[in-house]
Structure formats: structure tokens, C-alpha cells
Amino acid sequence: MRTSQMLIPTLREEPGEAETVSHRLLLRAGMIRKVAAGIYTYLPLGLRVIRKVEAIIREEMNRAGAQELLMPIASPAELWRETGRWDFYGKELLRFKDRHERDFCLGPTHEEVITDLIRREVRSYRQLPLNCYQIQTKFRDEIRPRFGLMRGREFIMKDAYSFDRDEAGAQVSYQKMYDAYQRIFTRCGLTFRAVEADTGLIGGTSSHEFMVLAETGEETIVYADEGAYAANVERAEVLPPAETAAESPRPLRKVPTPGVRTVEEVTAFLKIPPQQLVKTLLYQTPKELIAVLVRGDHEVNEIKLKKLLGVVEIELAAPDKVRAATGAPVGFAGPVGLRGIRIVADQSIKALRNVVVGANEADTHYVDADWERDFAVERFADLRNARAGDPSPVGQGQLRVARGIEVGHVFMLGAKYSQSMKATFLDPQGQETLAVMGCYGIGVGRTAASAIEQNHDAKGIIWPAPIAPFHIHLLPLSQSAAVTEATRSLYDTLTQTGIEVLWDDRDERAGVKFNDADLIGAPYQLIVGEKGLAQGLVELKQRKTGEAARLPPNQVLAHVQALLSNRPIS
């Protein structure tokens with residue numbers, strides 16, 4: 001393909017709207033353009049990347065025995081009401097009415113639609129197991145769409161759904177998808193980890209996220225430095241303290257702490273370590289205020305807290321509610337003397353003695369508080385985020401922390417949807433039995449964006465070859481007859497063997513061509529100049545390393561083929 005015949009509107013200036021590396025470079029390289037918040041047009045270069053990712057996904061899904069279909073993006077409210085998600089899903093579900101005033105939504109996911117299909121078409125155990133997938137546009141009305149393709153409202157997703165006769169069969173299907181995902185992201189050239197994860201709005205009994213490791217990742221994962229344990233920080237378990245503080249309780253004392261309210265300020269003022277301070281955080285649930293106690297050096301895990309309380313939504317109480325409930329401004333709330341509010345605490349609090357807590361008075365704290373003597377905890381539980389240095393919950397090594405970007409998620413759903421929608425089949429004894437389900441998603445655009453987050457430098461993108469828009473960026477450095485003829489010959493030779501080449505045929509300065517080539521990020525650049533041709537040579541340069549080989553034109557094809565197939569170069 002010639003550059004002059006493609007829409008590649010590269011940008012020299014940094015786009016002000018971009019918040020992440022991938023967002024910035026996708027815009028600058030002319031691969032996407034914003035239509036509205038969280039909604040993008042894929043330009044030709046960007047779409048080529050998307051199609052490469054989709055092709056890898058299709059090959060591996062088909063290899064794993066899944067069958068491709070295509071479901072509509074719009075679905076009727078009746079299906080969502082059967083599962084209870086019409087109300088439960090919240091404002092991310094974009095609802096609308098058709099001309100007959102019937103309720104519909106744009107699908108953020110398709111569990112209801114696929115389950116409705118299977119309950120109508122599958123009647124016998126002989127038709128199972130079954131795994132169907134699609135690559136489809138999804139819509140989630142994110143409150144704050146951001147980071148370009150990382151968190152858009154409209155996005156392309158591969159979603160698959162398995163149906164099995166029993167739990168044992170469902171585990172087999174789950175493992176097939178887990179293995180397929182390992183192959184997909186490996187083939188995309190990504191460095192990733194599969195981690196245990198929360199099931200979130202999809203529900204089910206267990207799940208794994210596939211996280212691309214990148215310093216710019218929006219999610220935190222923890223992994224053991226020994227063994228294979230890894231989990232999203234929202235899901236990672238924390239073991240209870242191995243020991244309880246040995247010191248004897250001291251008398252409770254109230255001390256003035258003028259103007260100090262943060263953990264750092266209070267501990268510095270009282271000259272104590274942060275693990276000796278207990279934070280009291282008030283959370284608003286749909287029904288009540290809850291006080292949550294955690295150590296000063298720990299953070300509340302709101303996913304764990306929601307599960308403990310059995311609620312869907314929680315948020316930190318507003319400052320006016322904190323003052324009304326405690327009599328003190330934010331920063332001075334504490335469990336001693338707290339009336340009419342249930343108190344739950346992280347399990348680490350149970351091992352502490354003689355701690356500092358807020359006194360429910362402005363500029364005042366209690367010193368040497370003891371939970372057994374001074375306040376009543378309704379329940380202790382694992383309520384905090386895991387962090388580096390915690391022991392692995394499976395008993396092998398310590399936890400380490402990394403940043404990651406979620407690109408795929410596999411869920412063991414069980415009978416969550418088949419039960420609510422009555423998706424049954426007749427077993428060998430002729431009895432109606434619920435299908436056991438799994439679901440499996442991959443964010444196609446997120447995968448492409450994650451590849452950029454993991455593969456870039458100050459000049460631009462460095463695409464992994466399997467998903468690059470082109471394998472070779474062909475750069476003639478002049479418009480002379482000799483250079484043009486050599487360039488045309490190389491282009492024909494390479495493209496005839498299936499190698500994808502972007503020929504920059506513009507009448508531009510060499511510097512402009514090099515800048516655009518580095519920005520667009522094809523893995524190899526083939527440079528044709530008059531000086532080189534005078535010596536019978538052209539230059540093949542690796543975008544990632546900058547390593548260059550000067551070759552006779554008739555050796556370029558073999559050299560490129562060896563590089564793309566990871567074969568030794570003879």
C-alpha cells in the first residue's frame with residue numbers, strides 16, 4: 001500500500017485530550033479519531049491492527065472448538081428483567097425505547113441473549129457441550145470514559161459463552177478457554193499474567209483476568225515471588241495476622257491533636273508508627289452508615305466490603321454526614337463512643353493493642369484504645385488491599401505488586417443465568433437439568449492499546465509484528481529514477497510473498513518520512529537511498545532496537561522472512 005493512497009493524518013503536536021501513552025500515540029499516528037466522549041472512528045491503520053487481533057482470536061477460538069455467531073447489539077428489556085440485571089446493572093446500561101414505547105438496551109455483554117437462544121434451541125444432553133462466540137460492538141455508558149481505547153463507551157469485544165451438562169464439563173470448557181487466551185495473548189506479542197479476579201457485574205463463582213503488564217496500567221495486581229499465585233488486588237486474599245501484640249492494655253487517654261487529621265500528620269505528631277493508628281472510615285450503603293476500621297498503613301478494599309455487607313453500592317460518606325454521625329469533621333472519627341452505627345473491622349485490628357483512634361471531637365484523638373475494652377466490633381474480616389510483603393495466601397513466598405491492563409476475562413458462571421432464564425436440557429434419564437455456563441471476554445481495542453503501552457519509545461509506537469498494521473515501512477529517500485525503480489522492485493518482491501509493506505511514496509524530506517515511520521511503528525524499516533544504491537546496498541532497520549543491516553536488494557526478502565518467522569539469519 002502506498003502512503004499517498006491511504007488516510008494517515010499524523011500529528012506533530014501532542015494532542016491535549018490524551019491521558020495515556022496509547023491514547024496519545026494512536027491519535028498522533030493517525031489511527032483513531034474521536035467522535036464523542038469514549039467513541040472513536042478507527043482509521044485505516046488502526047483498523048488493520050484491530051483486524052490482526054481479531055484474526056488471532058478467531059483462529060484460537062476455532063482451534064478450541066468454539067463456534068462463531070453474531071448477536072444483535074440491541075436487546076429487549078424483557079430478557080434483562082429475567083435475570084434482574086435491568087435494574088442491577090445501573091446507569092452503564094444504555095436504555096432506550098423504540099417507536100412502540102418498548103424498552104431496549106445496547107448490549108454491554110450478551111449473557112441474556114445467548115442464554116435465550118440456547119434455551120430455545122438446545123433440548124438434549126447430546127447437543128452439549130457447546131461454546132459460541134462473537135466479535136461484536138458493545139456499549140457501556142461509562143460515567144468517565146477516558147484513556148482512549150482503554151475505557152471507551154463503544155468498543156469491540158470478543159465474547160464467548162459455554163454450556164455444559166455439569167460442573168465437571170464446565171471446568172473442562174473453562175480450561176480450554178483459559179488455554180486459548182494464553183495462546184492469543186502470546187501470539188499478540190504481549191507480556192501478561194493470568195490473575196484471580198472478582199466476578200463483578202457478570203457474576204458467577206470464579207474468574208481470571210488476563211493482565212498485560214505495563215507501568216502505565218490502571219489496575220494493580222499482586223503475585224507471589226514463589227509459586228504461581230497471582231490475583232487482582234481487588235480479589236487477592238490476605239491472611240490473618242500470625243501473632244497478637246504481646247503488650248498489656250494501658251489506660252485509655254484523650255489527647256489534643258490540633259490541626260492534624262491525616263495518617264501522616266497524626267503519626268508524626270504523636271511519634272508512632274502508622275500501623276499503631278486505626279482509621280475509622282464511614283461508608284454510606286443504600287440503607288445505612290457503616291464504620292470500617294483498618295490500620296493506618298492499610299487501605300480498605302471496597303469489593304471485599306461490599307461482599308461482607310451484601311450490598312451492590314457503597315461510597316465514602318459525605319463530610320456533612322460524617323459530622324452529623326460523629327460530631328466531628330473528617331479525620332477525627334473513631335469507634336470509641338460511636339452510637340447507632342455498626343462497626344466492622346479488618347482482621348488485622350484484632351491483633352493490635354493500645355492503638356490511636358479518632359475521638360469524635362475536632363482536634364482530638366484517643367491514645368491506647370483497645371477493641372476488647374473500649375468499643376464493640378460486630379465482625380472482623382479480610383477487608384483490606386493486599387500489598388507487597390504480605391505472605392502469599394497459598395503459603396509460597398511473599399507478595400509483590402505490579403501494574404497491569406485488563407485485556408481478557410474468563411468467568412465460571414455456573415447456573416446463575418440458566419436458572420433465572422430456565423435454560424434446561426433433558427439428561428440421559430429424561431430429567432430436565434440446568435445448563436452450566438461459562439463466559440469469556442477479550443477487549444479487542446484494549447488489546448491493541450495495551451500493546452502500545454508495553455511497546456513504545458519517545459519516537460512512537462513499536463508494534464509486535466503479529467499485530468502491526470504493516471510488517472515493513474518502505475522509505476525511499478529521494479524521487480530519483482534509480483531510487484524509485486529499486487523501491488518498486490522491492491515492494492513487488494515483498495508483497496508478492498504476502499509480506500505487508502507500507503510504501504512512503506510522498507515527495508517529502510527524509511526527516512519527515514523517518515519521523516512518521518517511527519511514529520507509526522512498523523517493526524522494520526527498509527531504507528532506499530542513492531548513496532546506498534551506488535554501493536549496491538539498501539538498509540533494513542529494526543524499529544525496536546535500531547539495529548540496521550546493509551544488504552543487496554536481492555537478499556532483502558530472505559532476510560525479512562527470517563526475521564518475521566524468528567528463524568536464524570543465514
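Helix α1 is followed by G30, a residue whose phi is positive, near 70°. The model described here is predicted. Helix α1 covers residues 21-28, and seven of its eight residues are buried, so the helix is largely enclosed by the rest of the structure. The buried positions are V21, S22, H23, L25, L26, L27 and R28. Several elements contribute to their cover.

The chain as a whole has 570 residues, and 53% of them count as buried. It contains 16 helices and 31 strands. Along its principal axes, the C-alpha trace spans about 95 × 70 × 50 Å. The exposed surface comes to about 25,800 Å². Carbon and sulfur atoms supply 50% of that area. Contacts were also sorted by distance along the sequence. Among contacts with a separation of 6 or more, 69% join residues 24 or more positions apart.

Three domains are assigned. Domain 1 is made of two stretches, 49-210 and 407-452. Domain 2 takes in residues 253-381, and domain 3 takes in residues 470-565. The C-alpha centres of domain 1 and domain 3 lie 42 Å apart.

Strand β17 provides a view of pairing among parallel strands. This strand runs over residues 342-346 and is mostly covered, with four of its five residues buried. Strand β15 (residues 289-295) pairs with β17 in the parallel sense over four bridges. Within this pairing, I290 stands opposite R342 of β17. Strand β17 also pairs with β20 (residues 379-381), again in the parallel sense, over three bridges. Here the bridge partner of V344 is R379 in β20. Strands of a sheet pair through backbone hydrogen bonds, either parallel or antiparallel.

Helix α8 (residues 302-309) is covered in part by these strands. Its buried residues include I303, K304, L305 and L309. Their cover includes β14 (278-284), together with β15 and β17. The N-terminal end of α8 is capped by N301. A side-chain oxygen of N301 lies 3.0 Å from the backbone nitrogen of I303. After α8 comes G310, with a positive phi near 70°.

Five strands take part, in the order β28-β27-β29-β30-β31, and their pairing is mixed. Strands β28 and β31 (548-551) are the edge strands, each pairing on one side only. Neighbouring strands of the sheet are turned by 20° against each other on average, direction ignored. Within the sheet, β27 (residues 472-476) and β29 (residues 524-528) pair in the parallel sense over five bridges. The bridge partner of H473 is Q525 in β29. Helix α14 lies across both β27 and β29. The helix runs at about 175° to β27.

The loop between β28 (501-503) and α14 holds D505. This residue has a relative accessible area of 17%. The cut-off for a buried residue is under 20%, so D505 counts as buried. Leaving aside residues up to four places away in sequence, D505 touches R2, T3, S4 and Q479. One of these residues, T3, places its backbone nitrogen 3.5 Å from a polar atom of the D505 side chain.

V436 is 20 residues away along the chain, and the C-alpha atoms of K416 and V436 are separated by 8.4 Å.

Conventions: Residues are numbered from 1 along each chain as its sequence is written. This is a predicted model: local features need pLDDT of at least 70, side-chain atom pairs count only at pLDDT 80 or more; totals for chains, interfaces and linings use all residues. Side-chain values use heavy atoms; hydrogens and water are left out. Buried means under 20% relative accessible area, exposed over 50%, partly exposed in between (1.4 Å probe, protein chains only). Helices (H or I, at least four residues) and strands (E, at least two) are DSSP runs, numbered from the N terminus. Two strands pair if DSSP finds at least two bridges between them. Domain bounds come from an automatic or database domain assignment. A polar contact is a pair of N or O atoms within 3.5 Å; within protein, one must be able to donate a hydrogen and the other to accept it, and residues adjacent in sequence count only if both atoms are side-chain atoms. Contact means heavy atoms within 4.5 Å. Axes are lines fitted to C-alpha atoms, for helices over the stretch in contact, and angles run from 0 to 180 degrees between N-to-C directions. Accessible areas come from the Shrake-Rupley method with a 1.4 Å probe; for residues, only the protein chains shown count as cover.
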